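Subject: Structure handover

Hi,

Here is the structure I promised to pass on.

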Amino acid sequence: MASGVIKKEENIINVVSTGNDRIQRMKDNLFKEERQISLERALLYTESYKETTELPVILRRAKAVEHIMNHVEISIREGELLVGNRTIRPRSGILSPEMDPYWIMKEIDTIDSRPQDQFVFTEDDKKIYCEELFPFWESNSMKDFITGQITEDISDALKDEVFKLNQTDKGQGHIIMDFPSILEHGIQYYIDVLEEKINAQPENDFFKAGRIVFSAMKNHFLRYSELAQQMAADAQEERAVELQTISDLCIKLSTDKPESFYEALQLLWMVSIVGQYESNASSLSLGRMDQYMYPFYKRSLEEGISETFLYEVLGDFYVKTNDVVLLRSESSAKCFAGFPTGYTVVLGGLDEYGHASVNPLSYIMLDIYHEILLPQPNLSVRMNELIPRKFLLKTCETIRLGTGIPQLFNDEVCIPGFLSKGVSLDDARDYATVGCVEISIPGKTYGLHDIALFNLLRIMELSMYKLKDKADITYEQLMKDIEESISYYVELVAKGSDIVDLGHRHYAPTPFLSVLISDCLTNGKDVTEGGARYNFSGVQGIGEANLSDSMYVIKKMVFENEEMTFSELVDAMAANYEGEYTALQKHVIQDFDKYGNDNDEIDEIAAKIFRYYAKELEKYTNIRGGQFIPGAYTVSAHIPLGEAVGATPDGRKAQEQLADGGLSPMVGRDRLGPTAVLKSVSKLDNYLTVNGSLLNLKFQPNTLKGKQGLNKFADFLMAYTKLKIQHVQFNVQSKETLLAAQKHPEKYAGLLVRVAGYSAFFVDLNKKIQDDIIARVEHEL
């Protein structure tokens, strides 16, 4: 490791001693300016679209991306070793009016003052948007198509807030491109392959579109080469040498494959930026970076490149992932608060032989995060029974930093889950994470992992009000009605998701991304047409904890103890536990056990309902010929989804949040410690959540203190692995620190916390989400 950066000790307890100057300067520069809306991509995209009206959509899209790469203003920022930025100004919000121009117009005067994820929108840019961009895209966007296709029954379900359709206002991300292949072959290889395909099938527009974008990427590299040379002429000697190296590097990568770690990182980052130009989407994730980058790292060391330089260039890469922030509508920002960009990186896991695949770069990528301490990259570690103890302790040590990074995924669950969906063993062993907690097969899957949120608690509420006046209602009849309602709404959410899927096919094909997804070149089809090897659609089932707690209260209080009638309980819910029902709320919260405390009866309710939902969803095939798959995570949507649900039998009042995460207990209800939580979650059929699940746990910082604390925590993580739970993540911040940050945000600008499947700056979150994180139970081991 770089001298003077990480203090090494035998017991794996590495701490940042003195920061790397270059990395620290880059971090500082990234946050100097306010976040601002940028119209550049939207204007260039629109300019191209006006000139290509006669072309098929996929060629229009390719031409638009080409136009952006040829004309977008570029810069090389102070101290950068890697080049490629979406905008001149760091952390700018980029509009996609071709997807949905309406929410922007509606919120144009509130984006800078809304409760969550604010951006400055200058008056000049507002005028341009209103007079140039909106008039062109009005009635001509993907949103218009989707809205026009929504049937009355789907519309009613959306109004009732039983489910929420996502990805209606942006390009689809949540995908991992085939980075190993492009690093092995380089850009020119793909241009040549596409030329051959076009010669063989001259009528195929997908191949033509791919060639347009890859050729534009080649020219984009040359633009940076020219800029670096110009800047070198005026730079001081040391920086001039760096800029000349950048210029030479860009020329080489415009045609040849990378050979060094530096070259590979530069190509990797540029692929990411081109993907952003094309889609402007969340979660164009990075996959198993320690696996495909290690040969380049090892070669560079063998060729005498210093560890310090390799550390700096990797640190540069880490910092640059934080330059991409996503502009979302106010409603979406509630569900995805804190700019989760989805630059998710997976470390460790298994190789094709089923052996542990941890390597030296795996350690280094955790080490360097100790200095970066930013929300991106969103590191994940794959757990299994073969994980080296040394790497496990390094993982624990990084979690102890308190940023919520890394999160953990369990090979013992994820791999069998994929096998159950027809994924080959080799591919299943190669799984990685996209977005927050969704799991995917890198370079081979178009999974629409975040296509919809399905509110199971809302369904229970609707069933209860429907059956309120049924005199002879039984617990079994209520459960049957809930299941029948789940079946009804699952069919609708599948239909609605297919409409969104179709909208992307007709309005937002992604030829660049598709060329880098296996089988698209063989099939001659974009991912939106079903060209990928694996085609899933992921719908998240939300509210399991509150639903099982509620059904347990109903079962015990109404039907077994006969403390009150079913109708009277519904009356109490309608009254929001106010007035004469105040004592009842306290009773149901305090006197009935809750999910998360290893109570078999409650946990089996959660398991039964989620299994029913999962099996119903799996019956449906999407328009790309793939299967619908269930997930169990909320991102930060447990707060807005809670706003759609009235008071419930578990003691929730109307519009209060749901349980966070997805599989986490309701906030404050897990009273018997973290092991009891694990045991409750382990009783769910975790193999079913092939689209991902989320378990939040919060630990007091002292719990992980010293070698003894780390080893106890490592043992806890091995218990999690053996209990066959898919995912877990941690906040290791004291309640006192969070309260102080809430009171004095100016003193805690750099405080990172785990929100959902991602980390964010605590002071960037609205008060409701801050309060939720503060209220989570602090566990000890």
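Start with glutamate 263 and lysine 252: their side chains meet in a salt bridge, with N to O at 3.1 Å. This pair links distant parts of the chain, 11 residues apart. Glutamate 263 belongs to helix α12 (residues 261–279), and lysine 252 to helix α11 (residues 237–253). Both glutamate 263 and lysine 252 are buried. Keep in mind that this is a predicted model.

**Other salt bridges**

How many salt bridges are there by this rule? The count comes to 51.

Aspartate 598 and lysine 679 form another one, and their closest N and O atoms are 3.4 Å apart. Again the pair links distant parts of the chain, here 81 residues apart. Aspartate 598 sits in the loop between α27 (582–590) and α28 (600–617). Lysine 679 is in helix α30 (residues 674–682).

Next, glutamate 618 pairs with lysine 615 in a salt bridge, the closest N and O atoms being 3.4 Å apart. Glutamate 618 counts as buried because its relative accessibility is 12%, which is under the 20% limit. Lysine 615 has a relative accessible area of 35%, so this residue is partly exposed.

There is also a network. Salt bridges with shared partners join Asp598, Asp600, Asp603, Lys679 and Lys683 into one network.

Look at β16 and β17 in particular. Strand β16 covers residues 537–542 and runs parallel to β17, with 4 bridges joining the two. What is the bridge partner of glycine 538 in β17? It is isoleucine 629.

**Where to look**

- the buried pair of glutamate 263 and lysine 252;
- the network that includes Asp598 and Lys679;
- the parallel strands β16 and β17.

Best wishes

Note on methods:
Residues are numbered from 1 along each chain as its sequence is written. This is a predicted model: local features need pLDDT of at least 70, side-chain atom pairs count only at pLDDT 80 or more; totals for chains, interfaces and linings use all residues. Side-chain values use heavy atoms; hydrogens and water are left out. Two strands pair if DSSP finds at least two bridges between them. A salt bridge is a side-chain nitrogen of Lys or Arg within 4 Å of a carboxyl oxygen of Asp or Glu. Buried means under 20% relative accessible area, exposed over 50%, partly exposed in between (1.4 Å probe, protein chains only).
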